[in-house]
Amino acid sequence: MKQRAIVWFRRDLRLADNPALSAALNSDFDAIVPVFIHAPDELGAWAPGGAQRVWLHLSLERLSAQLEALGSRLVIRHGPTREALDTLIEESGATAVYWNRLYDPLTIARDKNVKKHLDDSGIETASFQAHLLHEPWTVETKQGGPYKVFTPFWKAIKDRNLDAPMAAPDALPEVWSRIGTETLASLDLLPRLDWGRRIRQTWTSGEDGAHERLEQFLDNAIDNYDNDRDRPARHGTSYLSPHLHWGEIGPRQIMHRLEEWLDTHSGKALQDHAASFRSEIGWREFAHHVLYHFPETPEKPLDPRFEAFPWSGDDEGLKRWQQGQTGIPMVDAGMRELWATGYMHNRLRMTVASFLTKNLRVAWQHGERWFWDTLVDADLANNTLGWQWATGCGADAAPFFRIFNPARQGERFDSDGEYVRRWVPELAKLENRHIHEPWKAPAKALKVAGITLGDDYPQPIVDLKASRREALEAFDQIKQSD
Ligand SMILES: Cc1cc2nc3c(=O)[nH]c(=O)nc-3n(C[C@H](O)[C@H](O)[C@H](O)COP(=O)(O)OP(=O)(O)OC[C@H]3O[C@@H](n4cnc5c(N)ncnc54)[C@H](O)[C@@H]3O)c2cc1C
């Protein structure tokens with residue numbers, strides 16, 4: 001009898017270094033059915049947000065084309081997942097389902113349920129490690145628990161051996177025509193707004209796009225990564241985050257290609273830049289480790305004192321922050337970059353998060369949610385860690401009292417105002433020395449630059465110094481309740 005397998009694609013939208021696909025190909029199956037099942041309800045509040053949905057659409061389009069080029073095709077189905085798999089098993093006569101593991105709590109629960117159901121039905125199941133360098137449960141402290149601090153976490157794993165990535169297949173078995181598929185359009189992932197077009201113009205999603213992005217980074221930016229990665233006006237980072245989120249490239253492939261590239265390029269400085277870049281991939285591992293061991297953290301602070309923090313409930317402030325209309329140039333530039341491109345530079349993510357949670361004292365979950373809907377790289381592990389880090393309530397977080405002053409951040413990391421001018425063109429003609437604090441500029445300087453504050457660009461919605469003081473007082477309240 002013919003043996004057939006289903007390879008269930010999820011956030012591993014690639015053909016190379018895809019262990020589930022390779023395992024299916026290396027077994028005795030005569031046929032393989034690649035399927036993507038759209039079941040956002042199973043992810044509850046953390047179903048893909050607007051920008052992620054655009055990315056997913058484009059990425060599935062690419063994966064379909066890649067599979068077709070190798071003689072196969074992508075079968076698309078609507079959830080619920082269990083029912084979709086049951087139907088496909090019946091239609092195809094498959095005896096096995098293979099997939100790659102993910103680590104967010106709702107996916108883990110769903111996958112356990114699906115696995116039990118398939119096991120009970122006599123279907124062979126196998127899951128594989130593709131999304132991380134190491135499984136979260138394989139890293140533990142000397143005392144035997146999870147890590148809550150990055151440096152020892154990374155020290156424990158950074159020199160561990162990694163298997164070489166698996167090559168993409170040259171050809172795939174045909175999916176016979178009686179197996180139907182839903183159309184990609186039926187998933188209704190694209191927004192009615194023109195927003196999707198801007199994402200399409202800024203990014204090239206898909207496996208090829210991910211590898212091109214990595215090569216561009218190695219050719220143009222890694223040699224100064226440690227300096228440029230903090231300068232938002234420069235293209236000093238890899239921009240791999242959305243590709244990593246959707247698994248168009250895996251971290252093991254990145255590490256492997258980096259080593260290969262370093263073999264042909266030398267220099268102590270280069271080694272240092274490469275070590276910094278590796279440690280950012282390490283932060284991604286850490287974020288997944290924390291989410292796996294503390295699955296409540298997308299909603300709740302890891303530091304329980306923050307459950308009693310006196311947040312302001314400032315809805316108007318939240319709205320102005322979302323719109324990039326706070327009157328604080330660095331904050332507005334970051335928020336507008338996010339809206340226009342689905343991405344925000346890391347330095348700005350830290351700055352705008354600090355401003356929202358400390359100067360406006362809006363609860364971090366509101367910022368986390370806005371990022372979730374607008375970032376193309378929105379990732380439950382990284383976004384949760386990022387927000388809790390910036391607020392000061394998470395694993396290895398910045399201490400609460402270290403409140404970023406957005407104007408000082410601007411002077412330090414955007415000293416010539418290039419980034420602010422790019423995203424806040426109203427201020428384009430303002431001299432460098434005033435660009436990060438236009439409210440302090442003399443009337444004459446504003447006039448020369450053609451700006452009337454309050455008309456052309458908002459007055460600051462909050463006084464940075466006073467709000468900093470109030471935030472520290474609020475923090476004292478929860479410290480005393482310790
Ligand atoms: C408030 C806040 C929210 C964030 N939300 C997300 C998110 O939803 N998704 C996301 O991928 N990253 C998030 N980050 C982390 C970081 O800002 C982005 O990963 C980074 O800006 C992506 O750009 P890049 O790929 O060019 O990074 P690079 O500097 O080139 O880094 C390479 C890769 O390392 C990983 N990485 C880098 N920094 C971090 C970090 N601090 N934490 C975890 N992983 C990291 C990413 O996968 C990134 O693609 C957030 C940070 C903050 C402060």
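The views below show a predicted model.

**View 1. The shell around the ligand.** The shell holds 25 residues. Tyr225, Thr237, Ser238, Tyr239 and Asn346 come nearest to the ligand. By class, the shell residues divide into 13 nonpolar, seven polar and five charged.

View 2. Thr237 places a polar side-chain atom 2.7 Å from a ligand oxygen. Thr237 is also one of the residues that come nearest to the ligand. Arg349 likewise uses its side chain: a polar atom there lies 3.4 Å from an oxygen atom of the ligand. Asp379 contributes through its backbone, with an N or O atom 3.1 Å from a ligand oxygen. On its own, the ligand has 820 Å² of accessible area, and the protein covers 94% of this.

View 3. The ligand sits in the largest pocket.

**View 4. The ligand and the two domains.** Domain 2 comprises 132-162 + 204-293, and domain 3 spans 304-480. Both domains give residues to the shell, so the ligand lies between them.

**View 5. The peptide bond at Pro80.** Gly79 and Pro80 are joined by a cis peptide bond. Omega is about 5 degrees. Most peptide bonds are trans. Pro80 is found in the loop that runs between β3 (75-78) and α3 (81-92).

**View 6. The backbone at Asp188.** Asp188 has a positive phi, near 55 degrees. Most residues other than glycine have a negative phi. Asp188 is found in the loop between α5 (150-157) and α6 (195-202).

Key:
Residues numbered from 1 in each chain as written. Predicted model: local features only at pLDDT ≥ 70, side-chain atom pairs only at ≥ 80, totals over all residues. Heavy atoms only, no water. Near = heavy atom within 4 Å. Polar contact = N/O pair within 3.5 Å; in protein donor to acceptor, adjacent residues only side chain to side chain. Areas by Shrake-Rupley, 256 points an atom, 1.4 Å probe, with all protein chains shown as cover. 1 Å grid on protein atoms, 1.4 Å probe; cavity = no way out; pocket = protein on both sides within 12 Å on 5 of 7 lines; lining within 4 Å. Sits in = over half its atoms within 2 Å of the grid points. Nonpolar A, V, L, I, M, F, W, Y, C, P; charged D, E, K, R; others polar. Domains from an automatic or database assignment. Helix = DSSP H or I, 4+ residues; strand = E, 2+ residues; numbered from the N terminus.
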